[in-house]
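Please open the model in a viewer and keep the selection panel at hand. The stops below are arranged as a tour.

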Amino acid sequence: MFEIFGIPAAALFGQLLLGLINGSFYALLSLGLAVIFGLLNIINFTHGAQYMMGAFVAWMLLTYLGVDYWWALILVPVIVGATGIVVERLMISRLYHLDHLYGLLLTFGLALIIQGLFRNQYGVSGLPYSIPDALQGGTNLGFMFLPNYRAWVVVASVVVCFGTWFLIEKTRLGAYLRAATENPKMVGAFGINVPRLITLTYGFGVGLAALAGVLAAPIYSVNPNMGADLIIVVFAVVVIGGMGSIMGAILTGFGLGIVEGLTRVFYAEASAVVIFVIMALVLLIKPAGLFGRVA
Amino acid sequence: MTDQTLMDTVETPSAGRPTPLGIPRLHLAICAALVAFFIIGPFFLYPVFLMKVMCFVLFACAFNLLLGYGGLLSFGHAAFFGSASYVSAHAAKAWGLTPELSILLGTGSAALLGLVIGALAIRRQGIYFAMVTLAFAQMVYFVSLQAPFTGGEDGIQAVPRNMLFGLIDISSDNALYAFVFVIVFACLFLIYRIIHSPFGQVLKAIRENEARSVSLGYRVNRYKLAVFVMSTTLAGTAGATKALVFQLASLTDVHWAMSGEVVLMALLGGMHTVFGPIVGAAIIVTMQNYFATFGAWVTVLQGTIFVVAVLLFREGIVGVLGKWLKKPL
């Protein structure tokens, strides 16, 4: 086995892979936050809870109804996205005329409710969700052992991220969306139903979070607290990237995952805080974020 | 905060007959009632509970100095509350410092931390400011989890109540109560004076219209940083005192849930009022005390209060009361 900088290559690539997987979740979640922020101008604090709901709904579908992983990949984002649409219609839509901070407070309260309910029902020990049969086992790449499921997570999230990018940047629907971000009144005057666009956008962002939850279920145990700590890191990722660009959110997410993985190899104690340190540096050097536009 | 409709409860010292210290009579009456309540309180209620209420009252008021008057929503105030709590607990336990010195040390460390985090956080506005403070607070949480002196998951337990000034024994709950009472009310008075000082008026101007304040020649960022540090310093005093009362500093104090709780206290009581956070803190602490056995339902209840407060009464309890009385509270 060869070594790189005195580190066994297997350990290095292992941590890189782990970083890439974390990066996949950062990218998917910060992408959802950026899409929602772009049109609704609120930070969706419920995002972590909705990611957790994604994992739980996948687990429920399997346990109570026998619906397998592949169907869950499709059904869960739709189900959780629909709950998001209900929440947007009933509550968030009442706050658009107010200071954006109220949206933050409301979604924080919703996150507390959702997490509390799931903690009451399922405890905090976590529930197992097994890897689907087709993705069991792994592949030996010569320099490292690659578990198939983890490779799938990275590939799937790359595909979803770039699919979203394509949808927003290259299609007609995306053009409406971007136009409504710039000037909702004008877009409304052209006969496009902006409130419905906003509702669907929120549902889509929530669906992305739920999809990330399904992808995460077999890797991490399905746990009511799984979203709470993750979402704070994702907030830091969003501050570093700036929410101005979709591609920026994707690249920052993957990049920071890899940086975190590398930190775990070279100085493990700092791996929990490295993203926050980077955030401090970015605030010092480029306060608007790496891809952000100055507001 | 730039929303004009919410600002109508902002008080200005009312004109008319001069009052002692320039404080309106209504405010004087409320202060007197508060002092009386906390003096008579220990005869009827458990003193440790009342001390907890007082610590959180101070924490909420310190926080609201930043939110209600500076217009800056920090989602990471647990970092200052908790780190001060750790520092004072460590100073009292490991170094055997007297209570007033350990509280001062805790307060000082919160001020220093506030200066560093504040200087970075004020580079972003609005929602980003909230996210940045939350992220830095999470960093403080991870450091508290791993640092050698914080005791990890166990926290710092059995913090001794040393002799006050090296002379006075405050090991009994009643003696400690008097000490905590003096600290908290002195700090509350300080916050009241800050809000109603010329400095406080400039803060309100910045909150209402930052661009105009800049054009009037105020160095807005210096004001923001100053109020941020004041707020974190006083939050630190609250945390350090809390460590002495419970003889414990733990990860709960630095967790994001604590940051959320203090936001809730200010929101529930009324963020643009002087007395709102006091009411909010008292309600939330009482609620936690009596529903402690219901486990995660407390979280659900807190979340529900958040949602209801944001949707239905954004002025908060005291804000609504003030509107009803047509007097700024």
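**First stop: a loop in chain A**

Select A:Asn41, which lies in the loop between helix 1 (9-40) and helix 2 (47-65) of chain A. Helices here are DSSP runs of H or I with at least four residues, strands are runs of E with at least two, and both are numbered from the N terminus. The model is a predicted one, in which local features need pLDDT of at least 70 and side-chain atom pairs count only at pLDDT 80 or more, while totals for chains, interfaces and linings use all residues. Residues are numbered from 1 along each chain as its sequence is written, and chains are lettered from A and ligands numbered from 1 in the order in which they are written.

The phi of A:Asn41 is near 60 degrees, a positive value in a residue other than glycine. Most residues other than glycine have a negative phi. A:Asn41 counts as partly exposed because it has 16 C-beta neighbours inside 10 Å. The classes rest on C-beta atoms placed from the backbone: a residue is buried with 20 or more others within 10 Å of its own, exposed with 12 or fewer, and partly exposed in between.

**Second stop: where the chains meet**

Display both chains: 35 residues of chain A are in contact with 38 residues of chain B. Contact requires that the C-beta atoms of two residues, placed from the backbone, lie within 7 Å. On the chain A side, helix 4 (100-122), helix 9 (226-241) and helix 11 (274-285) each supply at least two residues. Helix 4 of chain A gives the most, with 16 residues. By class, this side of chain A has 26 nonpolar, five polar and four charged residues. Nonpolar covers Ala, Val, Leu, Ile, Met, Phe, Trp, Tyr, Cys and Pro, charged covers Asp, Glu, Lys and Arg, and polar covers the others, Gly among them.

Next, select helix 4 of chain A together with helix 5 (residues 126-146) of chain B, whose axes come within 8 Å and cross at roughly 40 degrees. That angle makes helix 4 of chain A oblique to helix 5 of chain B; angles under 35 degrees count as roughly parallel, over 145 as roughly antiparallel, 65 to 115 as roughly perpendicular and the rest as oblique. Axes are lines fitted to C-alpha atoms, for helices over the stretch in contact, with angles running from 0 to 180 degrees between N-to-C directions. Here A:His100, A:Leu101 and A:Leu104 meet B:Gly126, B:Ile127 and B:Ala130.

Chain B has 13 helices and zero strands, and 51% of its 329 residues are buried. Its C-alpha trace spans about 50 × 45 × 40 Å along the principal axes.

Select B:Gly70, in the loop between helix 2 (47-69) and helix 3 (78-93) of chain B. B:Gly70 counts as buried because it has 25 C-beta neighbours inside 10 Å. B:Val227 is 157 residues away from B:Gly70 in sequence, yet the two are 6.8 Å apart in space, C-alpha to C-alpha.

Move to helix 7 (residues 198-208) of chain B, where B:Leu203, B:Lys204, B:Ile206 and B:Arg207 are buried. The buried residues of helix 7 pack against helix 2, helix 8 (210-215) and helix 9 (220-246) of chain B.

**Last stop: the end of chain B**

Finally, select B:Lys326 in the segment after helix 13 (316-325) of chain B. B:Lys326 has a positive phi of about 55 degrees although it is not a glycine. B:Lys326 is exposed, with 6 other C-beta atoms within 10 Å.
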